[in-house]
Amino acid sequence: MLTFLRRRTLTSLPPLLAVVLGVFVLARLTGDPAALYLPENATAQAREQFSAAHGFDQPIWSQLIDYLAQVTRLDFGTSLRTGEPAAVMALRAFPATLQLAVVTMLLACAVATAVGCWAALRPNGLGDRISSLMSMTAASVPDFWLAILGIWVFSIMLGVLPTSGVDAGGLSWVLPIAVLMLRPAGVLTQVVRGAMIAALGSPYVKVARSKGAGERRVVVRHALKNAAPPALTVAGDLAVGLINGAVVVESIFGWPGIGKLMIDSILQRDFAVLQAAVAITAISIFVLNIGIDLGYALLDSRVRQKVGAAA
Amino acid sequence: MTAIGMEVSGLTVELATPRGTVRAVDGVSFTAYRGRTLALLGESGCGKSMTAQAVAGLLEPIASVTAGSVQVDGEDLLKVSRKRRRQLAGPALSIVFQDALTALNPVLKVGTQLAEPYRIHQRMPARQARAKAIELMRHVGIPEPESRVDAYPHQFSGGMRQRLLIAMAVALSPKVLIADEPTTALDVTVQAQILALLARLRAEHDMAVVLITHDLAVVAEEADTVAVMYSGRIVETGPVDEVFEDPRHPYTRGLLDSVPVDAERGSDLSSIPGAPPDLFSIPPGCPYQARCPLVRDVCQTERPPLETRAGRTVACHVAEGTAR
């Protein structure tokens with residue numbers, strides 16, 4: 001188990017480094033921060049001073065080496081905007097994204113499990129067709145459009161929900177979660193349905209019925225546990241997408257999370273903060289993937305054995 | 001006469017396919033006695049497994065029983081409510097499947113699966129049911145049951161898995177045990193062990209065993225009575241000794257002739273020419289007519305009923321005159 005964690009951590013390092021490098025280079029392609037932070041009529045000398053103060057006058061490879069040296073000391077630099085340490089800003093924004101993602105995923109999983117199982121009990125029945133149509137629609141609707149539609153209907157026309165921000169307590173959560181969970185719920189419903197149809201048609205389910213097991217026992221104890229691994233894979237993917245891709249929804253709803261921080265940092269050419277935000281997102285995705293692998297092992301003893309054998 | 005375990009009469013199963021409705025089981029009747037083994041013998045697709053699943057109430061949604069009855073202990077399994085049917089699944093009738101690897105749930109401990117009959121039907125507490133599971137494992141000859149009870153199906157060999165499946169089926173001492181090709185997936189040596197186990201359990205629990213198989217040797221060895229199926233119908237039935245010694249239906253004879261006995265190395269094996277008719281286009285008359293060496297005009301127009309004449313039960317127009 002510990003060996004497994006250590007190996008997974010080690011294999012995660014090279015891609016993590018690649019992400020940091022990529023963002024470092026790409027960020028610098030967006031342009032010169034001096035153009036943004038100094039007045040338009042700043043002298044060439046002032047610009048050079050600004051660049052020298054933040055190290056932007058150095059060749060990019062030299063900047064990169066300095067940066068990597070800093071990062072190994074867990075120093076992600078300071079924000080151009082606020083002068084705060086970049087890591088602190090990223091860590092402050094991250095919980096908001098994480099909370100949103102966790103609540104969204106839990107709700108999406110609950111909805112998908114319930115609807116997917118129900119649809120799988122009578123494949124091609126009326127309920128199955130309706131739920132398929134709805135889940136496919138949910139999986140296909142673009143979130144930015146839905147977000148704006150939601151604000152228009154519930155915030156402007158009906159005036160029951162806040163347009164953005166987190167000041168309205170529980171009500172602030174409603175629209176962001178509703179918009180974010182639709183796609184994961186739709187995709188997961190389809191996966192759960194397919195996996196449940198396969199599981200319910202398998203010989204071991206027949207055997208369970210031949211022992212007199214009722215419908216609930218057949219579905220929950222026998223089929224669902226077998227249908228869980230494929231759903232878990234997809235759920236993991238979707239969760240990654242939520243942490244990664246809340247950028248649009250967070251921007252629209254003014255949610256003070258990591259996605260909004262990234263967008264703001266890009267617009268402000270606040271490279272250090274952007275890099276810190278991306279690094280923290282990447283790390284959380286690696287952690288999530290390790291968690292998913294452990295989840296497989298929990299669900300299925302055959303995987304548990306393999307993990308044990310490989311370690 | 002020994003007590004009747006199960007009486008199946010006129011069982012008919014139809015499949016609703018995109019190409020139309022076909023009759024996979026056509027008016028099958030048989031009686032299984034307690035403490036005895038009845039073999040349902042036939043080629044793949046003859047309807048023997050479909051018969052088993054219909055009796056066990058486990059048909060796929062596309063298949064449905066359109067006629068017949070299955071009497072066990074004064075109750076018709078096909079007529080009782082769903083709830084009552086579930087109550088009877090285990091104590092009255094249970095089934096052993098062919099492929100023990102897929103028939104055991106891969107993600108549940110075998111102990112959990114073995115304990116289920118007690119949990120479901122007797123509402124037994126988990127600890128007690130686990131003890132019963134260990135007892136069951138010992139009962140069917142699985143070594144070290146105390147430590148193996150928490151293992152998963154994939155950690156057992158094929159023969160051991162089949163033992164587990166059988167253990168599960170006999171947990172509540174059913175009156176009828178259906179064994180659907182229980183040894184087809186196993187090595188020959190393991191096959192013999194499993195058949196011996198079934199025979200032992202049959203005696204200990206006084207069960208009526210219905211053995212579904214295509215293996216003539218298994219029938220000869222294990223069964224008291226045999227019912228030969230062809231194209232969804234029983235074409236010949238009787239005590240195994242009688243039927244195998246002196247088959248009256250040309251199909252039964254064809255089957256027995258295809259067993260190589262004292263065949264010389266290099267000589268051709270005898271086989272029945274042709275294939276069973278497509279269920280979509282079963283001809284009028286006898287379903288075996290196209291392959292039958294004795295076919296007559298009447299065979300093409302009139303379906304031979306299963307009749308008992310001179311102590312032999314055969315569905316054939318020409319059977320009487322063909323005794324060897």
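This is a predicted model: local features need pLDDT of at least 70, side-chain atom pairs count only at pLDDT 80 or more; totals for chains, interfaces and linings use all residues.
Chain A puts 18 residues into its contact with chain B, and chain B puts in 23. Chain B itself is assigned two domains, domain 1 (4-230) and domain 2 (250-322).

**Where A meets B**

- On the side of chain A that touches chain B, helices H9 (203-210), H10 (215-253) and H13 (301-310) each supply at least two residues.
- H9(A) gives the most here, with six residues.
- By residue type, that side of chain A splits into five nonpolar, seven polar and six charged.

**What UniProt lists**

- For chain A, an unreviewed UniProt entry lists "transmembrane region" at residues 98-121, 142-161 and 271-292.
- In the model, residues 98-121 of chain A are 100% helix and 0% strand, with the end C-alpha atoms 34 Å apart.
- Residues 271-292 of chain A also come out as 100% helix and 0% strand, and there the end C-alpha atoms are 31 Å apart.
- For chain B, UniProt (unreviewed entry) places "domain: ABC transporter" at residues 6-256.
- That span of chain B is 41% helix and 28% strand, and its end C-alpha atoms lie 28 Å apart.

**The two domains of chain B**

- The C-alpha centres of domain 1 and domain 2 of chain B are 29 Å apart.
- Each domain of chain B brings 10 residues to the contact between them.
- On the domain 1 side of chain B, E2 and E9 each supply at least two of the residues that touch domain 2.
- E2(B) gives the most to that side, with three residues.
- The domain 1 side of this contact in chain B divides into six nonpolar, two polar and two charged residues.

**An open sheet in chain B**

- Four strands of chain B make an open, antiparallel sheet in the order E2-E1-E4-E5.
- Strands E2 (20-33) and E5 (75-76) of chain B sit at the edges with a single partner strand each, so one side of each has no neighbour in the sheet.
- E2(B) pairs with strand E1 (residues 4-17) of chain B in the antiparallel sense, over 10 bridges.
- Among the residues involved, Ala16(B) has Thr21(B) in E2(B) as its bridge partner.

**Core and buried spots**

- The largest nonpolar core holds 166 residues, and those with the most contacts inside it are Ala90(A), Leu188(A), Val176(B) and Ile178(B).
- Domain 1 (4-230) and domain 2 (250-322) of chain B each contribute at least three residues to this core.
- Beyond its neighbours within four places in sequence, Val176(B) contacts Gly5(B), Met6(B), Ala32(B), Val72(B), Ala92(B), Leu93(B), Met207(B), Ala208(B) and Val210(B).
- Val209(B) is in strand E8 (residues 208-213) of chain B, and it counts as buried because it has 28 C-beta neighbours inside 10 Å, where the cut-off is 20 or more.
- Leaving out residues up to four places away in sequence, Val209(B) touches Thr37(B), Leu177(B), Ala179(B), Leu198(B) and Arg202(B).
- Val209(B) and Val8(B) are 201 residues apart along the chain, and their C-alpha atoms are separated by 13 Å.
- In helix H11 (residues 250-257) of chain B, the buried residues are Pro250(B), Tyr251(B), Thr252(B) and Leu255(B).
- The cover over the buried residues of H11(B) includes helix H9 (216-222), strand E9 (225-230), strand E10 (233-239) and helix H10 (240-245) of chain B.

Notes
Residues are numbered from 1 along each chain as its sequence is written. Chains are lettered from A and ligands numbered from 1 in the order in which they are written. Two residues are in contact if their C-beta atoms, placed from the backbone, lie within 7 Å. Ala, Val, Leu, Ile, Met, Phe, Trp, Tyr, Cys and Pro count as nonpolar, Asp, Glu, Lys and Arg as charged, and the others, Gly among them, as polar. Two strands pair if DSSP finds at least two bridges between them. UniProt positions are given in the numbering used here, feature names are shortened, and annotations may be inferred rather than shown by experiment. A nonpolar core is a set of buried Ala, Val, Leu, Ile, Met, Phe, Trp, Tyr and Cys residues joined through C-beta atoms within 7 Å. A residue is buried if 20 or more other C-beta atoms lie within 10 Å of its own, exposed if 12 or fewer, and partly exposed in between; C-beta atoms are placed from the backbone. Domain bounds come from an automatic or database domain assignment.
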